[in-house]
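Welcome to this short tour.

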Amino acid sequence: MMTGPEQQTNPTRPKRSRARTFVPLGIAAWLVLEIWLLTVVAEAAGGFAVFLLLLAGVVVGAAVIKRAGRRAWQNLSRSMQSGAEPRDPGEGGGSSFTMLGGLLLMMPGLISDVAALVCLFPPTRALLRGRAEAVLRRRVGYVPGPRGGGFGPGFEQDRLRHPEGKVIQGEVVRDDEDPRDPRPSCRD
């Protein structure tokens, strides 16, 4: 005999995606593997050696992130000074996977350090960039271009319609404003 109300599933509720199911499980498995691997290495080499290894990862990761950020900033400032478009990220080594590699180095664990080295090694970084561009192209219509990329023709229409970049100045006047209203209007 049941004493509580019957629980029914909501037919209008969307089905849970695979990513929402498997990503948390993957993260939990990754964390367990990281901890297990650190304990194995600590038993073999000692706890102090593992501590120094993790500390070195944080220091090197911070240096990698700082260098990649500096390169990205210099690229942006050079392009702003010359008035040109920012160069293609694939030409100069790019900073996105370099920064990801630095972040992975800073995370405690040996598996994340191996993943960081994959992101930092130039041939594998180029392979990862190609795969990421293919996924972005398929999912959101990202089209890498000669000037650093874009998100397809939908975002380029404004530039094509107004190639000179003309700005039309104007003022918004609302007819429904009350002159006794204490709130500031758009014209103030």
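Predicted model: local features only at pLDDT ≥ 70, side-chain atom pairs only at ≥ 80, totals over all residues.

**The overall layout**

The chain holds six helices and zero strands. Read from the N terminus, its elements follow the order α-α-α-α-α-α. Of the 188 residues in the chain, 14% are buried. Consider the contacts between residues at least 6 apart in sequence: 51% of them join residues at least 24 apart.

**Where H1 meets H4**

Helix H1 covers residues 18–45, and its axis comes within 7 Å of the axis of H4, with a crossing angle of roughly 105 degrees. An angle of 65 to 115 degrees counts as roughly perpendicular, and H1 and H4 are therefore roughly perpendicular to each other. On the H1 side, the contact is made by Trp30, Leu33, Glu34, Leu37, Leu38 and Val41, while H4 brings Leu110, Ile111 and Ser112. By type, the residues of this contact of H1 with H4 are seven nonpolar, one polar and one charged.

**Helix H3 and its buried face**

Next, find helix H3, at residues 96–106. Which residues of H3 are buried? They are Phe97, Thr98, Gly101, Gly102, Leu104 and Leu105. Looking down the axis of H3, you would see these buried residues fall within an arc of 165 degrees, so they line one face of the helix. The packing partners of the buried residues of H3 are helix H2 (47–82), helix H4 (110–120) and helix H5 (122–140).

**The largest nonpolar core**

In soluble globular proteins, nonpolar side chains tend to be buried together. In this model, the largest nonpolar core has five residues, namely Phe97, Leu104, Leu105, Ala116 and Cys119. H3 and H4 are the elements that give two or more residues to this core, and the largest share, three residues, comes from H3. Leaving aside its neighbours within four places in sequence, Leu104 is in contact with Ser112, Asp113, Ala115, Ala116 and Cys119.

Val50 has its place in helix H2. Is Val50 buried or exposed? With a relative accessible area of 9%, Val50 is buried. Beyond its neighbours within four places in sequence, Val50 is in contact with Leu38, Val41 and Ala42.

Thr98 is found in helix H3. Its relative accessibility is 13%, so Thr98 counts as buried.

The table pairs each of these residues with another position in the chain, giving the separation along the sequence and the C-alpha to C-alpha distance.

| Pair | Apart in sequence | C-alpha to C-alpha |
|---|---|---|
| Val50 and Thr39 | 11 residues | 8.9 Å |
| Thr98 and Ala68 | 30 residues | 6.3 Å |

Methods. Residues numbered from 1 in each chain as written. Heavy atoms only, no water. Buried < 20%, exposed > 50% of the residue type's maximum accessible area, 1.4 Å probe, protein only. Helix = DSSP H or I, 4+ residues; strand = E, 2+ residues; numbered from the N terminus. Arc of directions from axis to C-beta. Contact = heavy atoms within 4.5 Å. Core = buried A, V, L, I, M, F, W, Y, C linked by side-chain atoms within 4.5 Å. Axes fitted to C-alpha atoms, helices over the stretch in contact; angles between N-to-C directions. Parallel < 35°, antiparallel > 145°, perpendicular 65-115°, else oblique. Nonpolar A, V, L, I, M, F, W, Y, C, P; charged D, E, K, R; others polar.
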